[in-house]
Amino acid sequence: MRRRPRTPGILRAPGETRLWPKSFADRLTAPLPGVRAMARLAREGAVRPRSEGLRDIPLLPYAPAPLPGTDATTIAVTWAGHASWVVRIGGLTVLTDPVWSRRILGTPARVTPVGVRWADLPKIDAVVISHNHYDHLDAPTIKRLPRDTPLFVPAGLARWFRRRRFTRVTELDWWESAETGGVRFDFVPAHHWSKRTLTDTCRSLWGGWVLTDGRGQRVYFAGDTGYGHWFREIGHRHPGIDLALLPIGAYEPRWMLGPVHTDPEEAVAACEDLGARRMAPMHWGAFLLSAEPVLEPLTRVRAAWELAGRPRDDLWDLPVGGSRVLQEVPAADRRATGARPRGQVADGSGH
């Protein structure tokens, strides 16, 4: 059986109560936009797609289907929309940045419905949160979870959950990890920032998550991030990533959003830097957060993937509601053929 070495990062006990600095602003990769940048953005009116960029909303891929069956040896991912995934790994069901609301603060309503009905979800074994922006931390959705759900959150964010009476909250710094149910949750850096109110800028951390099961299979969830040096470091510390869930939308105008949101070409480059075998695009096609045409992220990521010479089947460009299953090739067959684990398409995947 193929096994990849686990990183020696700091393993924390679940649910620790910890003290953190008042600010994580020293972790910023680039300065936050100031008054002049916001004035320019308002002057240019570049906060939503123009009318011609909205015409393709009816063509956005949306194909909900039942969740695929899995066991402790397989990995399955289902895209609920935006950065919300149902990840089945190591026998657990994990939600990433769950947002089941139709509308979030300051943003028009979703242009595609959520791809998985809340009532159709299996028991949730864990939730990971990348940061506290409203399109990634949605209070109405969080309130629907049982209060004993294991939650893995960035440093400085546990208080938000404990005020809502959640009892199993683990907050981590970059390069720290915790385990539950035989799956390891490593919190890794991202090129982003945090803010939820007028007074809490960078008061909590931001980042992504690497989920590793007992067989050494790995899924990387980037959360929200710009492009930069962290991807190579993450790939170095977590070799053999089987699947990278990477954002490809909310990138225009680049002068404003470049430091904090990857565009499609940068997402493909990030996948290369990570050494990830497959990529599943996300963070597009649900909420209109920026100025690019609604279908452009998909067309550009497909072109960038082809230009990079990557196998087409390793780009898991799912519709909202679509799933794919990573089936492990038996060890004897893999030794004979040199094959890697292969992804199988579930109903509604769009391929």
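A: The largest cavity holds about 130 Å³ of space, and the structure has 1 cavity of 30 Å³ or more. This is a predicted model, so to speak of local features pLDDT has to be at least 70, and side-chain atom pairs count only at pLDDT 80 or more, while totals for chains, interfaces and linings use all residues. Residues are numbered from 1 along each chain as its sequence is written, and side-chain values use heavy atoms, with hydrogens and water left out.

A word on terms: on a 1 Å grid over the protein atoms alone, a cavity is a set of points where a 1.4 Å probe fits but cannot get out, and a pocket is an open set with protein on both sides within 12 Å along at least five of seven lines. Lining residues have an atom within 4 Å of a point. Points are joined across faces, edges and corners, and a volume is the space filled by probe spheres set on them.

Back to the largest cavity: 14 residues line it, and Trp 284, Gly 285, Phe 287, Leu 288 and Glu 292 are the closest to its centre. By class that lining splits into 9 nonpolar, 4 polar and 1 charged (Ala, Val, Leu, Ile, Met, Phe, Trp, Tyr, Cys and Pro count as nonpolar, Asp, Glu, Lys and Arg as charged, and the others, Gly among them, as polar).

The largest pocket has about 1100 Å³ of space. Its lining takes in 38 residues, with His 133, Trp 193, Met 256, Leu 257 and His 261 closest to the centre. Helix 1 (35-44) and helix 6 (254-257) each put at least two residues into this lining; helices (H or I, at least four residues) and strands (E, at least two) are DSSP runs, numbered from the N terminus. The class count for the largest pocket is 22 nonpolar, 10 polar and 6 charged.

The second largest pocket comes in at about 580 Å³. Of its 20 lining residues, Gly 156, Leu 157, Arg 159, Arg 163 and Arg 203 sit closest to the centre. Helix 4 (residues 158-162) gives the largest share of that lining, 4 residues. Here the classes run to 6 nonpolar, 5 polar and 9 charged.

The peptide bond from Glu 252 to Pro 253 is cis, with omega near 5°, and Pro 253 is found in the loop between strand 12 (243-247) and helix 6. Another one is Asp 97, whose phi is near 35°, a positive value in a residue other than glycine. Asp 97 belongs to the loop between strand 4 (92-96) and strand 5 (126-128).

Finally, charge pairs. Searching the whole structure turns up 20 salt bridges, each a side-chain nitrogen of Lys or Arg within 4 Å of a carboxyl oxygen of Asp or Glu. One of them joins the side chains of Glu 176 and Arg 12, at 3.6 Å, N to O. That pair links distant parts of the chain, 164 residues apart: Glu 176 is in strand 8 (residues 176-180), and Arg 12 is in the loop between strand 1 (10-11) and helix 1.
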